[in-house]
Amino acid sequence: MKILLANDDGYRAPGLRRLKDALSGVGALTVVAPDRNRSGASNSLTLDMPLRVQRAEEDVWYVINGTPTDCVHLAITGLFEHDFDMVVSGVNDGANLGDDVLYSGTVAAATEGRYLGLPAVAVSLVLSGGRHFADAAKIARRIVESLIGERPLPRNTILNVNVPDLPIEALRGLKTTRLGFRHKAEPVIKAYDPKREPIYWVGPAGAGQDAGAGTDFDAIANGFVSVTPLQVDLTDHRAIPGIDEWLQHI
Ligand code: MN
């Protein structure tokens with residue numbers, strides 16, 4: 001079992017280190033991660049410059065100027081002599097709930113592994129002051145061991161796992177969820193550079209809006225690990241008949 005580990009917080013991030021520790025012994029682990037924090041990179045590929053790969057330590061590689069998607073893409077399309085069986089991404093430094101998955105580099109790294117033979121897994125810690133990365137990584141191990149042992153899920157499935165920031169014994173269990181969605185993001189933060197030119201910081205994500213029963217937000221709020229199966233097909237299948245009817249009249 002060859003497992004590729006990746007993240008979007010960069011190869012030195014504690015969540016990735018704890019994930020590597022927790023999965024040790026489950027399979028042959030190789031880490032390929034960005035050289036710095038690329039949170040919010042989504043599924044971007046670097047196409048306007050070459051990528052360089054450096055080795056930080058045995059089985060830990062980092063990609064200079066690389067996005068999370070670059071890392072996984074390189075790793076499964078020729079960086080190594082062998083193929084991988086699974087991608088596990090994380091443990092992200094923060095939640096990836098609801099709309100977050102569209103922006104997330106952590107989820108994108110897992111998405112890029114969807115062509116492999118087993119489900120790809122993204123794991124995020126919903127930080128609330130505890131920084132329980134090691135506990136979240138232990139949850140990841142349980143999920144990965146079960147996927148390897150019983151293969152209960154179809155290939156090409158992406159599992160988006162969010163873990164409350166609690167000691168593992170305080171977690172109430174694992175729940176299958178759907179994505180909720182957030183309110184509009186907080187306003188952009190305006191400041192000025194030394195030449196009095198305006199600069200802007202993207203503001204924080206909005207609070208949960210669709211956060212009711214069955215959503216990932218609800219599971220986390222109640223102390224459960226949230227597991228949402230994702231697919232890449234963004235088609236709004238329910239809208240097809242209505243759009244089709246409309247197109248006949250333009
Ligand atoms: Mn991140």
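In the structure described here, which is a predicted model, strand β7 has 7 of its 7 residues buried, so β7 is largely enclosed by the rest of the structure; buried means under 20% relative accessible area, exposed over 50%, and partly exposed in between, with a 1.4 Å probe and protein chains only. Residues are numbered from 1 along each chain as its sequence is written, and side-chain values use heavy atoms, with hydrogens and water left out. Local features need pLDDT of at least 70 and side-chain atom pairs count only at pLDDT 80 or more, whereas totals for chains, interfaces and linings use all residues. Helices (H or I, at least four residues) and strands (E, at least two) are DSSP runs numbered from the N terminus.

In a regular strand the side chains alternate between the two faces of the sheet. In β7, Ile158, Asn160, Asn162 and Pro164 point one way, while Leu159, Val161 and Val163 point the other way, and all of these are buried. On pairing, two strands are taken to pair if DSSP finds at least two bridges between them. Strand β6 (residues 120–126) pairs with β7 in the parallel sense over 7 bridges, and Ser124 has Asn162 of β7 as its bridge partner. Strand β7 (residues 158–164) is also joined by 5 bridges to strand β13 (residues 225–230), and these two run antiparallel. Within that pairing, Ile158 stands opposite Leu230 of β13, and the bridge partner of Leu159 is Pro229 of β13.

These strands belong to an open sheet of 9 strands, which has mixed pairing and the order β3-β4-β2-β1-β5-β6-β7-β13-β8. Its edge strands are β3 (52–57) and β8 (174–176), each of which pairs on one side only. From one strand to the next the twist averages 25°; angles run from 0 to 180 degrees between N-to-C directions, and axes are lines fitted to C-alpha atoms, for helices over the stretch in contact. Strand β5 is mostly covered, with 7 of its 8 residues buried. Parallel pairing links β5 to β1 through 4 bridges, with Leu4 opposite Val87 of β5, and β5 is likewise joined to β6 by 4 bridges in a parallel arrangement, where Ser89 has Ala122 of β6 as its bridge partner.

Two residues of β2 were considered individually. Thr30 lies in strand β2 (residues 28–34) and counts as buried because its relative accessibility is 8%. Leaving aside neighbours within four places in sequence, Thr30 is in contact (heavy atoms within 4.5 Å) with Ile3, Leu4, Leu5, Asp59, Trp61, Phe80 and Phe84. Ala28 is also found in β2, but at 46% relative accessibility Ala28 counts as partly exposed. Not counting residues up to four places away in sequence, Ala28 touches Met1, Lys2 and Ile3. Between Ala28 and Asp59, which are 31 residues apart in sequence, the C-alpha to C-alpha separation is 9.3 Å.

Helix α1 (residues 14–23) lies across β1 (2–6), β2, β3, β4 (60–64) and β5 (86–93), and runs at about 135° to β5. Helix α5 (residues 133–150) has 18 residues and reaches 26 Å from its first C-alpha to its last, close to the 26 Å expected at 1.5 Å a residue, where the expected span is 1.5 Å times one less than the number of residues. The buried residues of α5 are Phe133, Asp135, Ala136, Ala137, Ile139, Ala140, Ile143, Val144 and Leu147.

Two packed helices are described by the angle between their axes and the distance between the axes. The axes of α1 and α5 come within 8 Å and cross at roughly 45°, and the two helices are therefore oblique to each other; angles under 35 degrees count as roughly parallel, over 145 as roughly antiparallel, 65 to 115 as roughly perpendicular and the rest as oblique. The contact is made by Pro14, Gly15, Arg18, Leu19, Ala22 and Leu23 of α1 and by Phe133, Ala134, Ala137, Lys138, Ala140, Arg141 and Val144 of α5.

For helix α2 (residues 68–79) and helix α4 (residues 105–112), the axes come within 8 Å and cross at roughly 20°, which makes α2 roughly parallel to α4. In this pair, Pro68, Thr69, Val72, His73 and Ile76 of α2 meet Gly105, Ala108, Ala109 and Glu112 of α4.
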